[in-house]
Amino acid sequence: MKKMPMNLFPLALGLASLACSSDSETGARPPDLSRNQQQFAVFNPAQAYTPNVTASELSAAITNALSPAPVGATWTYEAETDEGLERIEVTVEAATRQVWGAAARVIRDTAYLDGEMIEDTWDWFAQDGEGNVWYLGEDTTEYENGVAASKVGSWETGVGGALAGVVMLADPQVGDVYRQEYLVGEAEDYGEVVSLDNTVSVEAGTFENCLKTRDLSAIDPELDELKYYCPGVGLALIEDDDVREELVSYTGL
């Protein structure tokens, strides 16, 4: 998953207004799989991955309180980086797309660096009857000097061995570990639930009872992010080493 699924969705923030009740859990330690109780998209590298979902269970209506996606909703995030000001704009499109036999909600996120577009992505999500939000793939394009330069990172459930993952559990519990995407050697991000009761203050507001997750990758040891999802808002903050990405505004929720 790219830096901004801003899953609902994945940058880095570092505005002076940011404050968060958190300790740093980033580092090289692996998750404790013995605590994993979720059976929807279990991460266990010792076993073949088989997501517990079928296309007929999925709907484009995404109502999970920690990852809501009503049509027309928007989120804007900003991060001060060594390269400049990064800005991410996320929009829930009215359109759906058939992915793996399911109608998936299309969510567009576009990344800018100092005002120049560097990445444009169309993500596909759907929700099952339990309330888990599944990630079905993405069509992403990286840009250099205004010209499309790469499609690396694109994948689609059911194509080339790619399988769906979960970006938000219906009932997250501390210690749950789950795959967020799956294409061998290309897309193997997974998440771990760290805590459930965080307070997060960002430019867009102060939010309570926020879920904190740790995102890692089975193939990219440099990926190690803490994310905070807040009820009724969704993703509010990403912490990645000394770079922080915060929600600066949102509409339509």
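Here is a short chat about some strands and a disulfide in a predicted model.

Biologist: Hi! What should I know before I start?
Modeller: This is a predicted model, where local features need pLDDT of at least 70 and side-chain atom pairs count only at pLDDT 80 or more, while totals for chains, interfaces and linings use all residues. Residues are numbered from 1 along each chain as its sequence is written, and side-chain values use heavy atoms, with hydrogens and water left out.

Biologist: Great. Why is strand E9 largely enclosed?
Modeller: Five of the six residues of E9 (residues 163-168) are buried, so the rest of the structure largely encloses this strand. Buried means under 20% relative accessible area, exposed over 50%, and partly exposed in between (1.4 Å probe, protein chains only). Strands are DSSP runs of E with at least two residues, numbered from the N terminus.

Biologist: And which strand does E9 pair with over two bridges?
Modeller: That's E11 (residues 181-182), in the antiparallel sense. Pairing needs at least two bridges found by DSSP between two strands. Leu 163 has Tyr 182 in E11 as its bridge partner. E9 also runs antiparallel to E6 (residues 133-144), joined by three bridges, and there Tyr 135 stands opposite Gly 165.

Biologist: New topic! How many disulfides are there?
Modeller: One, counting cysteine sulfur pairs within 2.5 Å. Cys 210 is joined to Cys 230, with 2.2 Å from S to S. Cys 210 lies in strand E13 (residues 205-217) and Cys 230 in strand E14 (residues 224-230), so the pair ties together parts 20 residues apart in sequence.

Biologist: Are those cysteines buried or exposed?
Modeller: Cys 210 is buried at 0% relative accessible area, and Cys 230 is buried at 0% too.

Terms used
Helices (H or I, at least four residues) and strands (E, at least two) are DSSP runs, numbered from the N terminus.
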